[in-house]
Every structure is written in C-alpha cells, then in structure tokens.
Amino acid sequence: MQLKKLAFLLAVLAGLVTASVSAFAADPENTMIVTLKDGDVTIALRPDLAPKHVAQIKKLVRQGAYDNVAFHRVIDGFMAQTGDVKFGNMKSGFNADAVGTGGSDLPDLPAEFSSTEHYQRGVVGMARSDDPNSANSQFFIMIAPAPPLDGQYTIVGNVVSGMELVDHIKKGDEAQNGTVTDPDRMIKVRIAADGK
C-alpha cells in the first residue's frame with residue numbers, strides 16, 4: 001500500500017514539473033525557437049529565474065544577432081555551447097581562433113543563480129568566464145545532467161521540444177575541450193511571439 005502511495009506521489013510531482021515547463025513554453029513572448037540544420041528546437045525561457053539574462057537574450061534574438069552563430073564548443077555527454085555573436089557568425093566575421101571568447105556589444109550581466117533549479121538534460125544555461133558576473137550572450141544546452149554546475153551558472157530556459165536535434169549537433173574534439181572544427185550553427189533564432 002505504501003509503495004502505491006509513493007508511486008502516486010512521484011507521478012503527481014513529475015506531472016507538476018512537466019506542467020510548469022509546459023506553461024512557460026505556452027508563453028510565446030518567452031519561447032525561443034532555434035532553427036538547426038535538422039529542424040527547430042523550442043526553448044521555454046525562464047524570466048522567473050533570470051529576468052535580466054532573458055531580457056538580454058530576447059534583445060539579441062530580435063536584433064538577429066544569433067542567426068548563423070556557431071556551436072563552437074560541444075562535448076559529447078555534457079553540453080553544446082553557442083552564442084558568441086562577436087566571433088561566431090559563420091556568414092560574417094567568423095574567427096575560429098577567437099570564437100568562444102566574445103560576447104555582444106551589450107553589457108555583461110550580474111549573476112542570477114538559482115538554488116531551486118538543477119542542470120538536467122535540456123536545461124539552457126549562460127556561459128561565463130571565472131567572474132560570476134560576466135555572462136553576456138553565450139549559452140549552452142545540456143545534453144546530460146551536470147550537478148556541479150548547479151548554483152554556479154545562470155539558468156535561462158529549458159528545451160521543450162527538439163532535444164533529439166541537439167543530440168545531433170556536431171561534437172568537438174575532447175582533447176581540445178570540445179572545440180569544434182567546421183561547426184554546426186544556429187541558422188535562425190526567433191521569439192515565437194514575433195511570428196515566422
């Protein structure tokens with residue numbers, strides 16, 4: 001009897017977590033769609049966790065800054081990193097030696113770390129330097145859980161569809177910390193509220 005109650009409780013909790021992420025995805029103003037070579041990845045942005053970071057991402061999306069930006073660092077079984085709008089645009093100014101070191105013309109952001117959310121598969125986090133207040137434009141999508149990142153990097157969203165496409169992003173060289181030669185890119189990035 002106790003096992004049935006426990007199983008029921010776990011099922012209810014799992015449903016609540018899924019419902020909360022789905023609720024964010026249902027808000028077109030906070031839904032980011034990333035078009036990859038194989039299709040679209042839909043990300044529910046989380047202004048409830050990181051309002052300043054989400055506002056900056058949306059501003060960059062609406063400027064078209066993320067279009068054609070490389071996934072410059074992709075580590076199998078860990079994460080796929082992109083968003084270097086200064087050196088990562090594969091159609092304009094791509095710099096293989098500098099990609100991953102740049103950001104945008106917008107200011108760096110103060111950390112908005114969460115103590116309640118965890119780095120699970122599909123979580124989107126902001127990349128930064130050693131300075132916790134240095135996130136700018138780069139972000140990463142978790143391919144697998146990484147508990148050591150909890151509370152250390154700002155969480156800005158969750159993939160709600162298209163993780164199988166993230167799994168197919170070209171992986172980097174493990175000996176080179178995931179650096180990707182001839183990388184895949186974000187072809188187009190948009191906010192759902194803005195239409196196609």
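Guide: Let's go from the whole chain down to two residues. This is a predicted model, where local features need pLDDT of at least 70, side-chain atom pairs count only at pLDDT 80 or more, and totals for chains, interfaces and linings use all residues. Residues are numbered from 1 along each chain as its sequence is written, and side-chain values use heavy atoms, with hydrogens and water left out.

Visitor: How many helices and strands does the protein chain have?

Guide: Helices (H or I, at least four residues) and strands (E, at least two) are DSSP runs, numbered from the N terminus. Here you get 3 helices and 10 strands, in the order α-β-β-α-β-β-β-β-β-β-α-β-β along the sequence.

Visitor: What share of the 196 residues is buried?

Guide: Buried means under 20% relative accessible area, exposed over 50%, partly exposed in between (1.4 Å probe, protein chains only). In this chain, buried residues make up 46%.

Visitor: Why does glutamine 56 count as buried?

Guide: Because its relative accessibility is 7%. Glutamine 56 sits in helix H2, residues 51–63. A contact means heavy atoms within 4.5 Å. Leaving out residues up to four places away in sequence, glutamine 56 touches Ser104, Leu106, Pro107, Leu109 and Asn136.

Visitor: And valine 61, buried or exposed?

Guide: Buried, with a relative accessible area of 6%. Valine 61 and isoleucine 191 are 130 residues apart in sequence, yet 7.1 Å apart in space, C-alpha to C-alpha.
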